[in-house]
Amino acid sequence: MKVYEIYDEENQIDIGVLLYYEKSNVYIIELRSELDEWSAPLLFSSFVKKGIYTIPREASLAWIMERVIPIGRQNIGSILSTHKLKEYDEMKLLELSEGRCSQDEICIRRVEAVPKFVLERSVHNLVDCTALENNMLLCFFADETVKKIALSDISDYEKTDKVISNRNLYESCELGCGGHYVTFNDSIDIPAWLLYEKGRIIDVKYEDFIAFTGKNIIDTSRACEMLQCTRQNLNYLVKKHGITPVMADVKGNLYVKNRLKAEKT
């Protein structure tokens, strides 16, 4: 991850930080909470007005694209050649220009360490997230808080209703880059701060879930050993007795050990 300070040279104020996750090509801008809608960059004033200082990746990318040469520029090939770039790379172009543009006096400066205010804010980032039944998310946060949240409780958030109404979209739930958000089909994001704010605390730790998984989730081979049966017998039991795998795959299923015992009996 690369870190850049965003600085307003005209007003001599520190705006915030640009976080660039190179492997995922994701940009997240963290604004300082001292900003108001007038001192924040114009593109982010609506977020700041709502008290949102962690800018979503789409809006962060939009800010960057405002400050670099567009890919559709007529002489883009010549420009890339001049700067010894083999292909269009908005981050390299942003670095070359130091983030400057004609619309304001804002620039970026590479820094080695993540500022303290970003580290303090990141304790509410996610370390993991799981989609449960009934459009419920189980969220594990960096401060070791575990929360459960119904998407219906944040249905007024942009595009959340689409996730609720589309089962396949809901099941595509994944942890977003840096734990800043949960993403569905890598296209609809729900920010970590909102999940933290709206979620209901569950009095367990992430390590408890890891321990449970390690000790209680077994594969087909171990299930056969435990039940003293063949794979064919196990498949029969699954169909006949309604034993439900927690994950089904053509190469084998995964089962909850105690549930397997209970359903067998």
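Colleague: Where does Val 114 lie?

Modeller: Val 114 lies in the loop between β5 (106-111) and α5 (116-121). Helices (H or I, at least four residues) and strands (E, at least two) are DSSP runs, numbered from the N terminus. This is a predicted model: local features need pLDDT of at least 70, side-chain atom pairs count only at pLDDT 80 or more, and totals for chains, interfaces and linings use all residues. Residues are numbered from 1 along each chain as its sequence is written, and side-chain values use heavy atoms, with hydrogens and water left out.

Colleague: Which residues is Val 114 in contact with, leaving aside neighbours within four places in sequence?

Modeller: Met 1, Val 3 and Leu 119. Contact means heavy atoms within 4.5 Å.

Colleague: And how far apart in space are Val 114 and Val 17?

Modeller: They are 8.3 Å apart, C-alpha to C-alpha, and 97 residues apart in sequence.

Colleague: New topic. How many aromatic pairs does a search of the whole structure find?

Modeller: It finds 6. Rings of Phe, Tyr and Trp (its six-membered ring) pair if their centres lie within 6.5 Å; planes under 30 degrees apart count as stacked, over 60 as edge-to-face and the rest as tilted. One of the pairs is Phe 140 with Phe 209, edge-to-face at 5.0 Å centre to centre and 75° between the planes.

Colleague: Where do Phe 140 and Phe 209 lie?

Modeller: Phe 140 lies in strand β7 (residues 136-141) and Phe 209 in helix α9 (residues 206-216), so the pair ties together parts 69 residues apart in sequence. Phe 140 is buried, at 4% relative accessible area. Phe 209 is partly exposed, at 29%.

Colleague: What about the rings of Phe 141 and Tyr 196?

Modeller: Their centres are 4.8 Å apart and their planes at 85°, so that pair is edge-to-face. Phe 141 is in strand β7 and Tyr 196 in helix α8 (residues 192-198), 55 residues apart. Both are buried.

Colleague: What lies over the face of Tyr 196?

Modeller: Lys 147, at 3.9 Å from the ring centre. A charge sits over a ring if NZ of Lys or CZ of Arg is within 6 Å of the ring centre and within 35 degrees of the ring normal.

Colleague: And over the face of Tyr 7?

Modeller: There it is Arg 109, at 4.1 Å from the ring centre.

Methods:
Buried < 20%, exposed > 50% of the residue type's maximum accessible area, 1.4 Å probe, protein only.
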